[in-house]
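Colleague: Could you take me through one part of this model with care, going strand by strand and saying how the neighbouring pieces are joined? I would be glad of one connected account that I can follow with the structure open.

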Amino acid sequence: MMIGIIEDDRLLNQALNKMLTDKGYDTTCAHSREEALALSADRIDLFLIDIGLPDGDGLKLYRELKAEKDVPAIFLTARDEEQDMLAAFDTGADDYVVKPFSMKVLLKRIEVVLKRNREGSVLTCGDITLYPEKKQVFSDDEEISLTAKEYQLLELFMANQDQVLTKENILDRIWGIDGEFVEENTLSVTISRLKKKLGREQSHIRNVFGLGYRMGE
């Protein structure tokens, strides 16, 4: 597996390079937008992209790289504002990591993204498997029947595992323009029904007090 590291902080770039090569990955490194555009996307399986590059915006850069080949990406950034995260996901990010971060956690996220990309659109969390194209959900080998909103919630959680999703973000992503008119209780009731159908302990959906919800093993 080849990972493209696009990070202008040379010490961090070197640290990422060493961590990944020690774990058996092949790497190719760039420190700017100009250097990144010279990389051959054809042989890269995943990009790690710093949003704040010295000669351009990492989000715009990713759009340019995707035009050559649709390669998954994890964005690295010192900005933790919700609007920045939403902009990254709107660009097609597979994950978003705020600096400073744990190398072990980043490595796990890399493994998850690569596994998800190898398996196509299949999403998994514990015993739960979701097939987006078929709109089917299984717990072990048992298919679970969900309403449209329950399914959309689960797909959102499973596509953003181990990340805290705010209530406002969830309402906006699932209910769209109607989200501002939906009572907060509607969201909590829908999530409660979803957890019950999946099996509360197996659902892996947790309330993060004062922030929102997170799904992860």
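Modeller: In the hairpin of β9 and β10, four residues lie between the strands, and K135 takes a positive phi near 55 degrees. This is a predicted model, and the angle is to be read as a value computed from it. To see one place where they face each other, find T129, which stands opposite F138 in β10.

If you follow the chain onward from there, β10 is also joined to strand β11, residues 142-143, by two bridges, and these strands likewise run antiparallel. Here S139 has E142 in β11 as its bridge partner. The hairpin of β10 and β11 has two residues between the strands, and within that hairpin D140 takes a positive phi near 60 degrees.

For a view of the surface, turn to another part of the chain, where D80, E81, E82, D90, E168 and D172 gather in a patch of negative charge. The elements that give two or more residues to this negative patch are α4, residues 82-91, and α7, residues 167-175.

Note on methods
Residues numbered from 1 in each chain as written. Predicted model: local features only at pLDDT ≥ 70, side-chain atom pairs only at ≥ 80, totals over all residues. Heavy atoms only, no water. Patch = residues over 30% accessible without salt bridge, like charges linked within 9 Å, V, L, I, M, F, W, Y side chains within 5 Å. Areas by Shrake-Rupley, 256 points an atom, 1.4 Å probe, with all protein chains shown as cover. Salt bridge = Lys/Arg side-chain N within 4 Å of Asp/Glu carboxyl O. Lys, Arg positive; Asp, Glu negative; His and termini not counted. Charge placed at Lys NZ, Arg CZ, Asp CG, Glu CD. Pairing = 2+ DSSP bridges.
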